[in-house]
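Biologist: I would like to learn how to read a sheet and a chain contact in a model. Could you take me through one, step by step?

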2 protein chains.
Amino acid sequence: MKIIKVNLKEKSYDIIISDGTITGSAGIIKKSGLGNYAYIITHRSIKDRYGRLLEKTLKKNGIDFKFKLLPETEKTKSIHTAIRVIEDIVKTGKSKKIFLVAFGGGVIGDLTGFVASIYKRGIPYIQVPTTLLAQVDASIGGKTAVDLKEAKNIIGAFYQPRLVLSDISLLQSLDARQMRAGLAEIIKYGIIKDKILFDFLAQNRKNILAKNKKALEFIIARSSSIKARIVEKDEKEEKGLRTILNFGHTFAHAIESGSGYRKYNHGEAVAIGMVCALEMSHRLKILDKHKLEKATTLIRSYGLPIKIKGVALKDILTPLYYDKKFIGKRTRFVLVKDIGRAVTKENIPIPLARRIIADRFK
Amino acid sequence: MKIIKVNLKEKSYDIIISDGTITGSAGIIKKSGLGNYAYIITHRSIKDRYGRLLEKTLKKNGIDFKFKLLPETEKTKSIHTAIRVIEDIVKTGKSKKIFLVAFGGGVIGDLTGFVASIYKRGIPYIQVPTTLLAQVDASIGGKTAVDLKEAKNIIGAFYQPRLVLSDISLLQSLDARQMRAGLAEIIKYGIIKDKILFDFLAQNRKNILAKNKKALEFIIARSSSIKARIVEKDEKEEKGLRTILNFGHTFAHAIESGSGYRKYNHGEAVAIGMVCALEMSHRLKILDKHKLEKATTLIRSYGLPIKIKGVALKDILTPLYYDKKFIGKRTRFVLVKDIGRAVTKENIPIPLARRIIADRFK
């Protein structure tokens, strides 16, 4: 079992990573004094598969609970769903001391965190991420958001969870594509911040893809720890430090948006986006060719895409110009100087970004 | 001109109180670096009367702007209005550096602060309160909220403004009832925390009711300062210190709710609520009869109600039991030991509260 503390003064919390975290966290939830009623937000498939584990643990803690099932679509992450959930929480009982449990992937985590942040001006919530991607990314750092029809993530809050329970045993049911989505973000941590993690990923691919629990615990803990340290230094993305977590993401968002959020999932888009950012680093002469190839090879070796197919180039270029990072005409990209060393560069010529994307079609 | 600083580390801000604050604050807004586009949320009547003042000042600051007019009803303070406003902000322009201006009373202030807190995970906003009540209460302290259909203030956030511009000249158009609503809260500050303010209110009633600007500046500054000091010590109502601001409010909410938010405005309900809380303090033998009468006399002398009329007793008692302060069956009331000295008392017998309300009908 690995425990990683996120140090944010009175908002500090633990990330607990192990094979069997949920079952093993009987005392932890009670000790945290979150409340006497767990309002668990999840999908039916997750409840059917793992609901019992959570139920048992909550009962042992003497905590009453309710499962709120939401549809398994991107639309679930909308302000309208958030309001319907709050209406249901109001009905659930005013005299209970309610806390929320985000029991699912990133969509559930983002929605639950946002609801917790605005219900009664903030109630406690915990993250119980059920995907590899959510375990290493969305569940940590309190960046919550929901969508408006025409604007993704436009409504949200910085609101930290009180506990993150990352249970590796939940990952056994993920398919290869879902695993790869998480691995793309893990590779990202290696490239931007952690050569040891990068080398571990290169040397233990078979083990990792076979879901060896020791190997998974290592890469999840390593990734969570990197994210925790960055969040501690720049909780609200005000100092530019948290920006490096966006490595590959400017391109990725354009690719996701340009393909109507259908062709590529987030991890796959991030994989291609990272290759673009690596290419850009190389063309701007800050990353040598050998390292560019080494990183690209690692990404490809995990079965992640490095080329764009089945999307029109112009559909990808349009959202690129509308990216938040280009507000006020400043173009900012996260690049790498070396494996494990990211840098932020401003005033990158847009035509270069355009050429790099075009090259991904070849 | 009085400047009161609210010290909240990186979230600190100034409250500027004077006759002509808006006109005089030309440089201040620009210096604050809030953005280059002011999205002003207000009502038509306020824009018609005072919009020009704000326009002129913003133009002098080189800040572009837009007025968003919302209906002058309690319904404006709903989550649905908040979403519609955000949809409009999205349309207003993604490349502008937008900040919000709450230009109105408490409803506008609460809604605007909430919208600012959740749009893009928080953008800056300033308060330009146009009622006496908003100047001394809602505009300070960052307690924002909107309503769901069946639950008032159930959705919200603690989110501080970047500046509060309290312009006394705007109060000239308020009618006597609106003035009294603010005066009820000002009297509250005197009773719970400030004997000097209390005595000033007792000795300068005529001047105050005649809207003498010096007198208004004194009582607004004094009240704002009390609220600022309490907010500094307990920004998020976690330490119980901010609770004393709720003096009279448990009763007031029951009275407002029981009368369907029609018969009494907030200030009037607070006036009756304060008399109830004073009575309770006396019956629990912590406040002597002379001081009870002195405080009650002051409230009545300002034309505020001290008795309940035209509402059914049972309609007031029901909401009392549902008040947030009774969660977990703990009854907590803010009481006074002396003029200027509030205390919080727990485990007050509910039948006592019931008898005190019943006596207000006599």
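This is a predicted model: local features need pLDDT of at least 70, side-chain atom pairs count only at pLDDT 80 or more; totals for chains, interfaces and linings use all residues.

Biologist: What is the order of the strands in the open sheet of chain A?

Modeller: In general, strands of a sheet pair through backbone hydrogen bonds, either parallel or antiparallel. Strands (E, at least two residues) and helices (H or I, at least four) are DSSP runs numbered from the N terminus, and two strands pair if DSSP finds at least two bridges between them. Here the open sheet has seven strands in the order β1-β2-β9-β6-β5-β3-β4 of chain A, with mixed pairing. Because β1 and β4 (64-69) of chain A stand at the edges with a single partner strand each, one side of each has no neighbour in the sheet.

Biologist: Which strands does β2(A) pair with?

Modeller: Strand β1 (residues 2-6) of chain A runs antiparallel to β2(A) and is joined to it by five bridges, with A:K2 standing opposite A:I17. These two strands form a hairpin with six residues between them, and A:K9 in the turn has a positive phi of about 50 degrees. With strand β9 (residues 163-167) of chain A, β2(A) pairs in the parallel sense over five bridges, and there A:S166 is the bridge partner of A:I17.

Biologist: Why is strand β2 of chain A largely enclosed?

Modeller: A residue is buried if 20 or more other C-beta atoms, placed from the backbone, lie within 10 Å of its own. Five of the six residues of β2 (residues 13-18) of chain A are buried, so the strand is largely enclosed by the rest of the structure.

Biologist: Which strands does helix α3 of chain A lie across?

Modeller: Angles run from 0 to 180 degrees between N-to-C directions, with axes fitted to C-alpha atoms, for helices over the stretch in contact. Helix α3 (residues 44-60) of chain A lies across β3 (37-42), β4, β5 (98-104) and β6 of chain A, at about 170 degrees to β4(A).

Biologist: How many residues does each chain give to the contact?

Modeller: Two residues are in contact if their C-beta atoms, placed from the backbone, lie within 7 Å. The contact takes 26 residues from chain A and 26 residues from chain B. On the side of chain B that touches chain A, β8(B) gives the largest share, six residues.

Conventions
Residues are numbered from 1 along each chain as its sequence is written. Chains are lettered from A and ligands numbered from 1 in the order in which they are written. A residue is buried if 20 or more other C-beta atoms lie within 10 Å of its own, exposed if 12 or fewer, and partly exposed in between; C-beta atoms are placed from the backbone.
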